[in-house]
Amino acid sequence: MNKGVVLVGGGTIGTAIAYYVSKLGNAQVTLLDRDYIGSGNTAAAASLITLSRSKKAIIPLVRETISAVRDMEELLDEPSRVMKVGSVHVVASETSMQSINNLMEVADSFDLSTTWLSAEEVKVKRPWLNTGNVMGGAFMKDDTVCLDIRNILKTKTKTKTKTKLNLWKN
Ligand SMILES: Cc1cc2nc3c(=O)[nH]c(=O)nc-3n(C[C@H](O)[C@H](O)[C@H](O)COP(=O)(O)OP(=O)(O)OC[C@H]3O[C@@H](n4cnc5c(N)ncnc54)[C@H](O)[C@@H]3O)c2cc1C
């Protein structure tokens with residue numbers, strides 16, 4: 001039997017739930033927002049999709065995000081503007097050295113690409129950075145950025161034409 005699902009809030013979370021529930025195919029999904037899609041916190045996000053996390057439980061979720069983005073590209077036959085650009089975690093104290101070492105250990109255990117950079121190598125990768133106190137940094141090659149977060153939200157909600165998703169401004 002078809003079910004009706006009503007979701008309130010068209011940010012990252014609401015659009016993701018709408019996408020996954022619509023994909024199940026047995027529910028009529030309605031997404032409500034008091035403003036426009038992506039008008040909340042999502043509009044302020046730097047749009048980084050970071051796989052390198054100190055909390056192990058987050059990494060499979062981020063992997064799923066990247067895989068969902070690829071599925072959406074295929075479904076809609078258009079690019080998502082999500083790109084693997086890598087991130088640099090800078091170390092400027094003994095405390096941050098410890099936490100970055102921990103981050104690299106966790107990343108290694110998930111077979112993510114990690115490279116230790118000297119302060120000079122950090123400067124080459126990020127020339128705009130003031131590397132005065134920098135002791136080095138970890139380059140996490142697999143980290144990703146979405147060049148236009150609104151594009152991915154649009155992509156999530158555009159699937160409405162291929163699934164049973166309604167959008168309403170309330
Ligand atoms: C400066 C900044 C940078 C960030 N950078 C990153 C980053 O690089 N990577 C990352 O993963 N995360 C980042 N984040 C975090 C990320 O933006 C949030 O975790 C995420 O956007 C939260 O999504 P949300 O759907 O929960 O909330 P929101 O995006 O706030 O969406 C909530 C939606 O609900 C609607 N709404 C609220 N109340 C009602 C109502 N009563 N009726 C109808 N609609 C309603 C709002 O209009 C809004 O559209 C950043 C956050 C900030 C502030």
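Modeller: Two strands count as paired when DSSP finds at least two bridges between them. Strands themselves are DSSP runs of E with at least two residues; helices are runs of H or I with at least four, and both are numbered from the N terminus. The model is predicted, so local features need pLDDT of at least 70 and side-chain atom pairs count only at pLDDT 80 or more, while totals for chains, interfaces and linings use all residues. Residue numbers start from 1 along each chain as its sequence is written.

Colleague: What makes β5 and β7 a pair?

Modeller: DSSP must find at least two bridges. Strand β5 and strand β7 (residues 136-140) share 5 bridges, in the antiparallel sense. Within this pair, V91 faces G136 of β7.

Colleague: Why are β5 and β6 called edge strands?

Modeller: The 3 strands form an open sheet in the order β5-β7-β6, with antiparallel pairing. Strands β5 (87-91) and β6 (114-117) each pair on one side only, so they are the edges.

Colleague: What makes you say that α3 packs on this sheet?

Modeller: Contact means that C-beta atoms, placed from the backbone, lie within 7 Å. Helix α3 (residues 94-109) touches β5, β6 and β7. The direction of α3 makes about 145 degrees with that of β5. Such angles run from 0 to 180 degrees between N-to-C directions of lines fitted to C-alpha atoms, for helices over the stretch in contact.

Colleague: How do you know that the span of α2 agrees with expectation?

Modeller: The expected span is 1.5 Å times one less than the number of residues. Helix α2 (residues 58-76) has 19 residues, so it should span 27 Å. Its end C-alpha atoms are 27 Å apart, which agrees. Just after α2, D77 has a positive phi of about 55 degrees.

Conventions. Contact = placed C-beta atoms within 7 Å.
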